[in-house]
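Biologist: Could you walk me through this model before I set anything up?

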Amino acid sequence: MTTTPGFHRLRDFVVAMTRLVDAHGCVEEALLEGARPLLAALIAEDDWLPERFAQPDATHYRQFLLHGDPLGRFSLVSFVWGPGQRTPVHDHSVWGLVGVLRGAEISVPYRRTGGTPALAAGTPARLTPRMIEAVSPVLGDIHEVSNAFDDRVSISIHLYGANIGAVRRHVFDPVSGAAKEFISGYSADVVPNLWSSAGR
Ligand SMILES: [Fe+2]
């Protein structure tokens, strides 16, 4: 499973991120500031993601847990987008950083209007490899994301300030503003073995 030559980068990231949450607890601003360069370093090279966690599904985007902090202070996920796949309009409820590893994705922010339609779309952002976008209830937490390509897979690496697969959050009807609660879970029951000899 860990035959990717740069696999140690994933363990290095987990170690550094664990130190960061040890130092800063749950202070969102400090964590976003400290985590961004760590995620940037991780996605600067595309030689570490095991193939098993980069496989698309024919019908739905996938979210593979790469590491979950035992205390639930952060989680790292690979999002694998098949051609043309997209999320509904959704929120996160916690801070998150999204960095693109392969391909490209389009993120459309939404804001509440207090009228009709209930949610208004902002300017779409095209995220390409090594670009990072932040989301949080403070910065703006509602968006819709899609693969920028109709003919190939894109992969982004997401870092969240909780075990995101277990967080209660929402999908929205942008016209009515109706919110539906969901818990995303993950697309696999296994995680990369950070402690194999291939990890260093
Ligand atoms: Fe999102």
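Modeller: What follows goes through the metal site and then the salt bridges.

Modeller: This is a predicted model, in which local features need pLDDT of at least 70 and side-chain atom pairs count only at pLDDT 80 or more, while totals for chains, interfaces and linings use all residues. Residues are numbered from 1 along each chain as its sequence is written, and side-chain values use heavy atoms, with hydrogens and water left out.

Biologist: Okay, which protein donors does the iron ion have?

Modeller: The donors are H90 (NE2), H92 (NE2) and H143 (NE2), lying 2.1 Å from the iron ion, where donors are N, O and S atoms within 2.8 Å of the metal (3.2 Å for Na, K and Ca), and sites may look incomplete since water is not among the atoms. Along the chain, the donors follow the spacing H-x1-H-x50-H. H90 sits in the loop between β2 and β3 and H143 in strand β8 (residues 143-147), so this pair ties together parts that are 53 residues apart in sequence. Helices (H or I, at least four residues) and strands (E, at least two) are DSSP runs, numbered from the N terminus.

Biologist: And where does UniProt place the "binding site" feature?

Modeller: The unreviewed UniProt entry places that feature at H90, H92 and H143. These residues are spread over 54 residues of sequence, yet they cluster in space, with a largest C-alpha distance of 9.2 Å. UniProt positions are in the numbering used here, feature names are shortened, and annotations may be inferred rather than shown by experiment.

Biologist: Is H90 buried or exposed?

Modeller: H90 is buried, with a relative accessible area of 8%, given that buried means under 20% relative accessible area, exposed over 50%, and partly exposed in between (1.4 Å probe, protein chains only). H92 is also buried, at 1%, and H143 is buried as well.

Biologist: What does the side chain of H90 reach?

Modeller: The side chain of H90 reaches the backbone oxygen of P88 at 2.9 Å, and the side chain of H92 makes a polar contact with the side chain of H90 at 3.2 Å. A polar contact is a pair of N or O atoms within 3.5 Å; within protein, one must be able to donate a hydrogen and the other to accept it, and residues adjacent in sequence count only if both atoms are side-chain atoms.

Biologist: Switching topic, how many salt bridges does a search of the whole structure find?

Modeller: The search finds 6, a salt bridge being a side-chain nitrogen of Lys or Arg within 4 Å of a carboxyl oxygen of Asp or Glu. One of them joins R102 and D46, with the closest N and O atoms 2.7 Å apart. That pair links distant parts of the chain, as R102 is in strand β3 and D46 in the loop between α2 (28-43) and β1 (62-68), 56 residues apart. R102 is partly exposed at 26% relative accessibility, and D46 is partly exposed at 38%.

Biologist: What about R86 and E144?

Modeller: Their side chains meet in a salt bridge at 3.7 Å, N to O. R86 lies in the loop between β2 and β3 and E144 in strand β8, so the pair ties together parts that are 58 residues apart in sequence. R86 is partly exposed at 48% relative accessible area, whereas E144 is buried at 17%.

Biologist: Which residues are linked in a network of salt bridges?

Modeller: D22, D69 and R73 are linked in that way. The side chains of D69 and R73 meet at 2.9 Å, N to O, with D69 buried at 6% relative accessibility and R73 buried at 19%.
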